[in-house]
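Colleague: I have a new structure to look at and could use a guide. Could you walk me through it?

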Amino acid sequence: MKSEDFFDILGEVDEEKVAHAGRATKKTRAVWIRFGAMAACVCLLMVAVLGFGFGEDGWFVANTMTTTEKETTTTTIAAKTEQGLATSTKQQEETSTTTTVGELLWHEPKWEQRSLPGKFHAFLHNQGEYVYPFNWVEDVYTNRTARKILSAVTLVGIDEYDAEHTTVVDIFAIEGFDEALALGVKFEGIDCIYLYLNTHYTPDTLGDFLVDSDFENTVSFGGIALFKGGNNPVNAQNVADMHMYLFADNTVENDYTAEPQGHCVTMSVSVDALNCRNKTFYLYESGYIATNLFGNKHVFFVGEKSVADFLENSYQVTFEQLKEINEPASTTTQGGADATVTSGATVTTSVNFPR
């Protein structure tokens, strides 16, 4: 075919069809690129920033989220709100800022997959919110002696479709735990009693904290981080020294608004009966002891001498020696509460506990 004939045929093609074909090709490509790019960004964000990985029973782990990333998330949410989208800035900010290293986030299981206490996992009592502390598919009850304090209480559970279910229970006080900290629930037709933890628990004094939790008999320590690269054990004598030097004055008030500053060492602590595991005790050179045990922030000023005496008598070490040995050291984020700590376990900034 001659070139003249080709151009003659081309000239007979409807111009609208040509234009329409060009627009369709461009539109399809733009949509694919736009949504493909969005999907890639989401995947990269989840893997590189959050490090999501799914586990059993609906749990998944958020491995890392730094303070900067939390602030970016909050800013994005606020910007969307200003554009008129139906979002709750406060709620989403709180959700993003509570994501810390190794924290487990709950993916709600279906109603029929939940245990009985998992179906009715929370209730209000005396200005407290009592929550079943285990995950919703576990069926964990207590063998502790209990005393009934309330009968025929109606609990409400919400399934995955937001439908309400009700059941009748009896409420019990549990031996060893103050009612302000934990209560027992006995479901109708079930012989066992389940422990529920008050997430609003705030003791007035150090003495209340120790007595309410049956501290001496229920709390276990995993180790104390004194030196870079490892933990020292916490034995029975060390615990006795804690009571002698740190807990001597039971009248010390809970100054939960305080933000302790300076160097400190950390101790891992757990109360298995209430599923409070891998929490932290902070021993500050400035004389404060603090913990995020039972979910809230508890801070007590016991005095610089008390903290120093505990370390010197129980571990034969001083803060000055620890600083000389451990500094300079790289910083990492300590689990349980948001804090900047050195790998030698000396905190160099304030600790912001969850509330």
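Colleague: Is H125 buried or exposed?

Modeller: H125 counts as buried, because its relative accessibility is 15% (buried means under 20% relative accessible area, exposed over 50% and partly exposed in between, with a 1.4 Å probe and protein chains only). Bear in mind that this is a predicted model: local features need pLDDT of at least 70, side-chain atom pairs count only at pLDDT 80 or more, and totals for chains, interfaces and linings use all residues. Residues are numbered from 1 along each chain as its sequence is written, and side-chain values use heavy atoms, with hydrogens and water left out.

Colleague: Thanks! Where is H125 found, and what is it in contact with?

Modeller: You'll find H125 in strand β4, residues 122-125 (strands are DSSP runs of E with at least two residues, helices are runs of H or I with at least four, and both are numbered from the N terminus). Leaving aside neighbours within four places in sequence, H125 is in contact with Y130, L150 and L183, where contact means heavy atoms within 4.5 Å.

Colleague: What about Q127, what is its phi?

Modeller: Q127 has a positive phi of about 65 degrees, although it is not a glycine. Q127 sits in the loop between β4 and β5 (128-131), and it is exposed, with a relative accessible area of 83%.

Colleague: Which loop holds Q316?

Modeller: That would be the loop between α9 (304-315) and α10 (319-326). Q316 is not a glycine either, and has a positive phi of about 50 degrees. Q316 is exposed at 59% relative accessible area.

Colleague: Switching to rings: how many aromatic pairs are there?

Modeller: The count comes to 19 aromatic pairs. Rings of Phe, Tyr and Trp (its six-membered ring) pair if their centres lie within 6.5 Å; planes under 30 degrees apart are stacked, over 60 edge-to-face, and the rest tilted. Y288 and F301 form an edge-to-face pair, 5.1 Å centre to centre with 65 degrees between the planes.

Colleague: What does that pair tie together?

Modeller: Y288 lies in strand β14 (residues 288-291) and F301 in strand β15 (residues 298-301), so the pair ties together parts 13 residues apart in sequence. Y288 is partly exposed at 21%, and F301 is partly exposed at 43%.

Colleague: Which residues do ring pairs link into a cluster?

Modeller: W111, F120, F123, Y130, Y132, F134, F187, Y194 and Y196. Y130 is also one of the contacts of H125.

Colleague: And the whole chain, how many helices and strands?

Modeller: It has 10 helices and 17 strands, and buried residues make up 38% of its 355 residues.
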